[in-house]
Amino acid sequence: MIFTEFSLSAKHLLGLKSHKYSTSTNSLLDNTLLLPAFWDSCQRLLPRTLAPNTVTLAGFIVDVIGFLPLVLFSLDLTTARPPWMLLLSALCMFVYNTADNIDGRHARALGCGSVIGEIFDHGLDSMTNSLQILPLMIAGHSGRVPFIASFVTFLVMETYVVLFFTRKLTLGSLQFNFIDTTELQYLAIFAVGMTGCLGMQDPELMTAFWSWKLPAINISLRTFYFLLGTFPLTVNLVYQLSNQMRSPMSHRIQYELFNCFVIWLLASTIFLAIPESREKPIMYFIMIAGVFSKLITESIFSNVGAQYDKPLVNCSLLAPVFVIWNAYFKWVGADTAIFAGAFYAVAIWVLYFSTIILRSARFLHVSIFTVPKIDDKN
């Protein structure tokens, strides 16, 4: 059976009432004095009438605004974008990261933190984490990085995010490692922003920047950045699996692991068998991002105590399956099939995310975008 995860009743949502948010961090940047102080200062500028979820949504919209020009300009990774697009994307990623780090602070300052805020925040993160990978690929590609490097980096990062949100299920809290999502986001912001700044002076500097050989190790900065993003995540993946598989709750991640394996299998099949996925890969990556985002959001919903029977086959997997079937039956052109798959995968994520937010808010009698009055909370 598929689509059963959309059928939520009160008995599936009872666990939300007893959920307590728990997190710990060893993150390098989260524990510095500069960034937390900056985030605290930004939070104090927010009006007390502004709901924390509004801050979250605003950050998400800004991130999408910075992403869209890069996609609309060209659907491949190798076409050089105007430097202002890269600068805009870097700025929007910075605004999103700031909003993502002050929404929780704002909720605690107002005393209106709720499980809805956790679902809303992390649910939108599931998509923005994917959106922030692509500008980095576009900035660093320039036609000289083998496409397989982008392909593997993308899948490793997405799989890492899936397993990141299973930590709460198996370890009891969300645990941030020394190099984690904040560090990777700022690496992307710096790389995309630096590329745009150099391009404003001379477009040739963008290529020279990424082609610069690092002393001693004699590899290009472009290759180093891909390794810097992929290697720590790979190590973290192995570390997470070793810890989580020893947990009494290890059976809870089998669904996520099975679906990650299926996504890797389908994505690899499309990558190898359909040339259009490599020639104009942006829509291909968006399709895979939508599939992963749906899986990640399901994991987040389970983290907060929701209990329902998950379908054996994630309905978002129909997108890559359709693209593969179309390659055999030739119903429509490959580009059209990939576009349709991307639209379906993202639409399914939006529908599922909206469903769990609205039904959970209705069940808990919590407003999503307004700050409750003091009397309302008593």
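A residue is buried under 20% relative accessible area, exposed over 50% and partly exposed in between (1.4 Å probe, protein chains only). The model is predicted: local features need pLDDT of at least 70, side-chain atom pairs count only at pLDDT 80 or more, and totals for chains, interfaces and linings use all residues. Residues are numbered from 1 along each chain as its sequence is written, and side-chain values use heavy atoms, with hydrogens and water left out.

**Exercise 1.** Determine what percentage of the chain's residues count as buried, and classify Cys42 and Cys197.

*Solution.* Of the 378 residues in the chain, 54% count as buried. Cys42 is buried because its relative accessibility is 18%. Cys197 has 40% relative accessibility, so it is partly exposed.

**Exercise 2.** Count the disulfides.

*Solution.* A disulfide is taken as a pair of cysteine sulfur atoms within 2.5 Å. Under this rule, the count is zero.

**Exercise 3.** Describe how helix α3 and helix α4 are arranged.

*Solution.* Helices (H or I, at least four residues) are DSSP runs, numbered from the N terminus. Axes are lines fitted to C-alpha atoms over the stretch in contact, and angles run from 0 to 180 degrees between N-to-C directions. The axes of α3 (residues 52-73) and α4 (residues 83-110) come within 7 Å and cross at roughly 170 degrees. Therefore α3 is roughly antiparallel to α4, a term for angles over 145 degrees. The residues of their contact comprise 19 nonpolar, five polar and two charged.

Key: Helix = DSSP H or I, 4+ residues; strand = E, 2+ residues; numbered from the N terminus. Parallel < 35°, antiparallel > 145°, perpendicular 65-115°, else oblique. Nonpolar A, V, L, I, M, F, W, Y, C, P; charged D, E, K, R; others polar.
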